[in-house]
Amino acid sequence: MIDRIPSGFHPFVLPFLFGMVFVLSYCLFGMVRILWQLPKKDLRKFLLSLINPKIIVKNCWDILKDCLIHVKLWKRNKLLGYMHSSIAFGWFMLIVLGHLEVFLFVPERIHMFYYPIFFNYFVAEVGDVTIQGALLMFLMDFFLLVVLSGIVLAMIKRVHSRFFGMRRTARPSLLNQIGLYALWAIFPLRLLAESFTAHISGGSFLTIPANWLFRQFLGNDLNMLPTWWAYSIALCVFMCVLPFTRYMHIPAEMMLIPLRNAGIKIRDSRKGFAKLQVYSCPNCGVCIDACPMSVNRGNLKDCTVYLTRQMRRGNEKRIEEISDKCLLCGKCHTVCQVQVEGPQLRIIERSRRHYNLSPDYSNIDVQPMVEASSGAKVLYFSGCMSQLTPAIGQSVESILKKADVDYVWMDREGGLCCGRPMLTAGRFEAAKEIVHKNEEIILGSGADTLLVSCPICYKMFKEEYQLKGIRVVHYSQYFNELLQQEKLHLEKSDLCYVFHDPCELGRGCGIYDEPRKLIGKSAGIAEAEKNRAESICCGGSLGSLTLSFAQREEMTRAALENLYTSRADAIATACPLCMATFSRYADRPVRDIAEILDAQSSPVSEKNQ
Amino acid sequence: MDFGFSLSKSSTINLDTVDTTLFRKLCEMEPDARICMSCGSCSASCTAAPFSGMSLRKVILAIQRDQDVRPMLSNCMLCGKCTMVCPRGINTRHLILTLYRIYDR
Ligand code: SF4
Ligand code: SF4
Ligand code: SF4
Ligand code: SF4
Ligand code: SF4
C-alpha cells in the first residue's frame, strides 16, 4: 500500500474540512458555554469527577453502551436497537479502522485529519496484499455494510414505524430533513466512491465485485472524482446542519454522560445541565407512545420530545403549555434512552412563572396538632387526599390495632398537605413553608417512625423533609414487617387482584415488590400487560395543572383497559388518588392494599383462642 | 341607649357599582369560573378551610362582588381535593393559580 498522490491533497477534501472545522468549533464553544452556566459548586464537582478513576471507567462504559451500542433501545425493540447501533457503532468503527489504516500504511500522513476518511482515494495497492491489509479492507467493507443496513432500516422506519414497535414518531422539521437525507446519502456515496477506486486502492468483498460490475459498462475512471466530491459534500452538509438538528445529540450526549455520572442536577430549566439534556434528545419519539397523554390526539404534541424541540426553538408559548399539561408520571424519563428528565424540566420551568399573590401559612398554629400527635412511637400520616377515600385510613388503623401497634393518627381530623402538589406546581418557597410546618409537628410528636400510606406524601417526606432520627416508612413495607414478625394472622381470599403501580410509588420511589407481596399473601394476584416501571398513570395526577376533566377521563379509561388485560376480579392499588380516579370509571371494584389486608387479617391472639 | 343587641353592618351589595374587571379577566382566562354552581363541595373538602376559612365557592362569589379574597386564598395548598370533588369538573387548582397570577387588588 503506497501513497498515490504526492501532495497528499485534493481539493475535494475541502468541503469535508470546512464542515469538520465548523462543527468542532461549534461544539467546543457550546461545551465551554454549558460549563460556564453551571453553578460554581457543580462545576467543581464535575471537574473533580473527571479525575476519579471509578467515574472515568463508568463514563467510558456508559458512552460505549448508550451512544454506540444503544443497549436501552435493544431492550425496547430489537430492530430499533439494531438500526441505531448499526449506524452509530458501524460509523465509529469505520473512523477507528480508517485511522488504523493510515497509521499502519502511511504513518507520515496521520496528522492530516481528512486522510482516514478518504484513505482509499489517496493510496494505491502495489505488490502482494498483506494479511493485515486484507483483514482491514475486509473489516472496512463489513462495517460499511453494517451502516448501510442500518440506513435501509431507517428508510423503512420513516414509512412503517410500526415494524419498530412504534405507533407514532415525531415529525422532522425542514433542517432535520436535510440532515436526514445528507446522512442517508453519505454511506451509499462512500460505497460508490470506494467501489470506483477499488481497482487502484484495493478493496474487499463489497467494493471489488462492485468495481468489477461497474467496469463492465462504465469502462473508464471519469466517475471516480465526482463521486468523491459528492461524498465529501454530503459529509459537509451533514456537519454544517448538525448543530441545528437533532443530530446535535451525538456530541451532546457524550458530554451529558460524564455530567450525569458526576451527580449534577438540573437547577435552571434553560441553562447548563438542562440545556444539555435538551440537546441530547435525538427525537427518537419513544416517549410519545409511552406518554399516557398520547391516548388523546390533541395532546400528542405535549410529550417530552416536543418539549425538547420547543425549548431548542425558544417557543415560549408552547413551552408553557407543554410544561403545565404533563402529569409528571415519569414514564418518559423511564423509557428515554438518554434519560431526559421530562418531569423535572417541567417543574423547574413552572417555577419561572410570576404570580402577584403568594401563599402565606404563618397564621397556622401547629401547637394543637403537635399535642394531638404526641404520645406514641408510630405516627401515621394518611395525607390530605386520603380524606376523600376514608376506607384507606380506617383499614390502616384497624390493622395497626389488630397488630397491637402503639400509634397515633396525625391527620385524623385533617392536617396540612405534605407540600408535594405545591412543589410540583413550581412554587418552591410556599412548598418549603408547608414542609417546615409539618416538620415541626412530626419532630415535636416524639415518635420514632412515620408511617405513610399515600405514595405522593411518601416521596415528599423521603426527598424534601429533614426528619433526623425518624424512620419514614411506606405502609406496604411496614405491613410486610408486621407479617414477618407474625403479628397478624392471614386468611387467603380466593379473589384475584391486579396491582396498579402508582407512579409516585413505583417510578417515583422504586417500590414494586412490597405491595405485590402483601396482595399475594392475602389473595390471588395477576399482572397487567404494562406493569411495574411501565405502568400507566391513572390520569388523576396532581402533576398536571391544565388537563381538563374530559381529557383525564380518556387517560383513566386507557389505563383501566391495560389493567383489564390481566382478567383479574378486582383492581388493587396503593394510592388514594389512583383509587378515587379509577373508582369513577372502573367496571370492577378498586381496593387499596390496606383494605385487602384488613379484610383477610385477624389478631394473632384470636387464632390461638 | 343599650338594647342588649346591635345592628350588624349592612351587607347589601350594589351590583351596579361593583368593579368586575378582575372577575371578567378571570373568566377570560378560565371560562370554567362561570359554570360553578356554588354547591360548596370544594369548601367541604378543603384542606385550608380550618386555617383561613378558605372556600373556593366563596372566592368565586367574592370576586364577582369585588371583595378581598387574599386572606382566604393565602392558605390554599393546591392539594387538589376540590378538583376531585367538583361535580362540574372544574379545574379548580388552575383557577386558583390563575387568580394568584392576575390578582391586582
Ligand atoms: S425525550 Fe427521550 S424518549 Fe423522548 S424523543 Fe427524546 S430521547 Fe427519545
Ligand atoms: S411525565 Fe408522563 S405525562 Fe408527562 S410527558 Fe412524561 S410520560 Fe407524558
Ligand atoms: S394518582 Fe397515583 S398513579 Fe395517578 S398520578 Fe397520582 S400517584 Fe400517579
Ligand atoms: S387545592 Fe386549595 S382550595 Fe382546593 S381543597 Fe386544596 S387547599 Fe382547598
Ligand atoms: S365544587 Fe365546583 S361547582 Fe361546587 S362550588 Fe366548588 S367550584 Fe363550584
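Modeller: A helix here is a DSSP run of H or I of at least four residues, and helices are numbered from the N terminus. Also, this is a predicted model.

Biologist: OK. How many helices and strands does chain A have?

Modeller: Chain A has 29 helices and 12 strands. Its C-alpha trace spans about 100 × 55 × 45 Å along the principal axes.

Biologist: What share of the 609 residues in chain A is buried?

Modeller: Buried residues account for 58% of them. As for contacts between residues at least 6 apart in sequence, 76% join residues at least 24 apart.

Biologist: Ligand 2 next. Which helices of chain A each supply at least two residues of its shell?

Modeller: Helix 16, residues 331–335, and helix 17, residues 342–350.

Biologist: And which residues are around ligand 2?

Modeller: Four cysteines are among them: A:Cys291, A:Cys326, A:Cys329 and A:Cys332.

Biologist: What about the shell of ligand 5?

Modeller: That one has seven nonpolar, three polar and two charged residues. The residues come from chain B, including B:Cys36, B:Cys39, B:Cys42, B:Cys86, B:Arg57 and B:Arg88.

Biologist: Different topic. Where is A:Asp592?

Modeller: A:Asp592 is in strand 11 of chain A, which covers residues 590–592.

Biologist: Which side chain of opposite charge is nearest to A:Asp592?

Modeller: A:Arg591, and it is 10 Å away. A:Asp592 is buried and has no salt bridge; a salt bridge would need a side-chain nitrogen of Lys or Arg within 4 Å of a carboxyl oxygen.

Biologist: What does its side chain reach, then?

Modeller: The side chain of A:Asp592 reaches the backbone nitrogen of A:Ala594 at 2.9 Å. That contact sits at the start of helix 28 of chain A. A:Asp592 also makes a side-chain polar contact of 2.7 Å with A:Tyr475.

Biologist: Which residues is A:Asp592 in contact with, leaving aside neighbours within four places in sequence?

Modeller: A:Ile392, A:Tyr475, A:Thr573, A:Ala574, A:Cys575 and A:Met579.

Biologist: You mentioned helix 28 of chain A. Is it mostly covered or mostly open?

Modeller: Mostly covered: helix 28 runs over residues 593–600, and seven of its eight residues are buried.

Biologist: Which ones are buried?

Modeller: A:Ile593, A:Ala594, A:Glu595, A:Ile596, A:Leu597, A:Asp598 and A:Gln600.

Definitions and conventions:
Residues numbered from 1 in each chain as written. Chains lettered and ligands numbered in written order. Predicted model: local features only at pLDDT ≥ 70, side-chain atom pairs only at ≥ 80, totals over all residues. Heavy atoms only, no water. Buried < 20%, exposed > 50% of the residue type's maximum accessible area, 1.4 Å probe, protein only. Lys, Arg positive; Asp, Glu negative; His and termini not counted. Polar contact = N/O pair within 3.5 Å; in protein donor to acceptor, adjacent residues only side chain to side chain. Contact = heavy atoms within 4.5 Å. Near = heavy atom within 4 Å. Nonpolar A, V, L, I, M, F, W, Y, C, P; charged D, E, K, R; others polar.
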